[in-house]
Number of protein chains: 2
Amino acid sequence: MRARDENKILAIREKTMALIVSEGLDGFSMNKLAKAAGISPATLYIYYKDKEDLIVQTCIQASLEMMSESLKGFDPTMSFAEGLALQWFNRAKYFTQHQNEVEFVEKIRYSNLYEKPRQIITQHFRETLGPFVQNAIARKELMPLPFEVYWSIAFAPLYQLIKFHTQTRSYHNEKFELSDDIMKQTLALVLKALKPS
Amino acid sequence: MRARDENKILAIREKTMALIVSEGLDGFSMNKLAKAAGISPATLYIYYKDKEDLIVQTCIQASLEMMSESLKGFDPTMSFAEGLALQWFNRAKYFTQHQNEVEFVEKIRYSNLYEKPRQIITQHFRETLGPFVQNAIARKELMPLPFEVYWSIAFAPLYQLIKFHTQTRSYHNEKFELSDDIMKQTLALVLKALKPS
DNA sequence: TTTATAAATGAACGTTCATTCACTTATCTT
DNA sequence: AAGATAAGTGAATGAACGTTCATTTATAAA
């Protein structure tokens with residue numbers, strides 16, 4: 001028996017994300033990937049069933065890693081403000097340090113390959129964030145809201161900030177850096193919106 | 001001289017959007033499009049320089065239409081709450097009536113073809129929304145905020161609601177309908193966040 | 001050292017791709 | 001009615017695509 005070369009797998013994953021980010025999903029091909037990763041195209045089919053499987057698996061793995069990083073130090077019994085801030089800053093940190101992974105996942109998110117990743121990610125979030133939200137409501141730190149309203153207010157602004165940051169030029173045609181100040185200011189508004197009155 | 005057949009152009013546009021929504025950007029091809037629109041592939045090159053041009057132009061046109069619909073009845077001297085509500089409901093109405101167009105633009109938005117559409121759309125928004133925001137701040141109806149913070153709070157939640165609506169199944173594994181109630185509830189939170197204290 | 005086994009390969013497969021070209025067709029101008 | 005012009009076409013192009021296959025290579029077990 002010959003052992004699998006772990007470096008090859010890592011190279012495949014990294015180059016898959018890099019190529020899809022730089023050339024787009026439609027510009028991505030198995031032969032290009034093989035060349036970029038320094039392996040034969042046939043090798044790809046040892047690790048993955050086909051092209052779709054390769055992209056979907058890579059997306060799932062990157063998403064899970066992103067989620068687990070964003071929950072570092074998180075505990076569902078935390079106060080709402082504390083728990084939400086922790087998630088915001090963990091995510092922002094991950095985004096700045098793993099821009100390729102994030103942009104890759106964003107591209108897949110809006111393709112027709114995201115159904116499976118979505119199911120997996122959604123379930124994980126439900127399991128970890130459900131109790132947190134329930135606790136916060138019970139403690140009257142958070143208004144009871146339909147999930148989609150809650151999510152739209154609590155996280156959509158963060159993702160929008162990141163999208164601004166990812167795009168090279170913002171509204172004012174100037175480079176927009178995702179600073180701590182901007183994050184804190186936006187988060188404060190979100191908390192204000194969600195606080196029971 | 002022979003006149004251009006306007007129906008052909010409309011068919012090309014409609015089928016471009018329908019095909020990209022249903023089969024994804026990577027599953028889209030000029031030959032498929034020609035067959036779907038009932039014309040010869042060569043005809044596509046009378047109207048568009050190449051495949052990229054076809055997608056980009058279609059995206060720009062759809063985006064401008066969407067924007068102009070969302071600004072129907074809008075006036076930059078409106079009160080902030082009134083103007084924002086008008087835009088939210090115009091957009092929601094357009095989304096439900098033109099789901100294909102919206103999903104198409106969302107797909108292009110996250111591809112590598114969006115640079116040009118983005119510039120055009122961003123400029124239009126700046127021109128129409130800039131004065132509105134300045135007026136609102138002058139009247140103390142809106143906190144003065146960096147643009148990216150303002151946008152992240154004012155519109156990102158709406159787009160998130162629409163994404164939930166577009167996806168077949170939401171967090172709770174149930175079909176999520178974008179109801180007036182949900183919209184109003186979310187908008188109220190947004191206004192609460194943005195109101196000067 | 002030998003043997004078994006799965007990793008790994010380069011070249012090749014048939015298919016589909018974007019695009020072109022020689023040609024026909026429809027309609028406006030005269 | 002004739003001529004001019006651009007719309008519109010079906011078939012064909014070479015290139016690139018995803019995938020397979022016969023073969024070689026490395027290594028764990030004997």
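Chain A and chain B share 0 salt bridges (a side-chain nitrogen of Lys or Arg within 4 Å of a carboxyl oxygen of Asp or Glu). Polar contacts do link the chains: 11 residue pairs, both at pLDDT 80 or more. Such a contact is a pair of N or O atoms within 3.5 Å, one able to donate a hydrogen and the other to accept it.

This is a predicted model, in which local features need pLDDT of at least 70, side-chain atom pairs count only at pLDDT 80 or more, and totals for chains, interfaces and linings use all residues. Residues are numbered from 1 along each chain as its sequence is written.

**Interface.** About 4,400 Å² is buried between chain A and chain B, with 61% from carbon and sulfur atoms. That area is the accessible area (1.4 Å probe) lost on putting the two parts together, summed over both. Contact (heavy atoms within 4.5 Å) takes in 47 residues from chain A and 46 residues from chain B.

**Cavities.** The whole structure holds 5 cavities of 30 Å³ or more. A cavity is a set of points on a 1 Å grid where a 1.4 Å probe fits but cannot get out; lining residues have an atom within 4 Å of a point.

| Lining of the second largest cavity | Number |
|---|---|
| Nonpolar | 4 residues |
| Polar | 5 residues |

Conventions:
Chains are lettered from A and ligands numbered from 1 in the order in which they are written. Side-chain values use heavy atoms; hydrogens and water are left out. A polar contact is a pair of N or O atoms within 3.5 Å; within protein, one must be able to donate a hydrogen and the other to accept it, and residues adjacent in sequence count only if both atoms are side-chain atoms. On a 1 Å grid over the protein atoms alone, a cavity is a set of points where a 1.4 Å probe fits but cannot get out, and a pocket is an open set with protein on both sides within 12 Å along at least five of seven lines; lining residues have an atom within 4 Å of a point. Grid points are joined across faces, edges and corners, and a volume is the space filled by probe spheres set on the points. Ala, Val, Leu, Ile, Met, Phe, Trp, Tyr, Cys and Pro count as nonpolar, Asp, Glu, Lys and Arg as charged, and the others, Gly among them, as polar.
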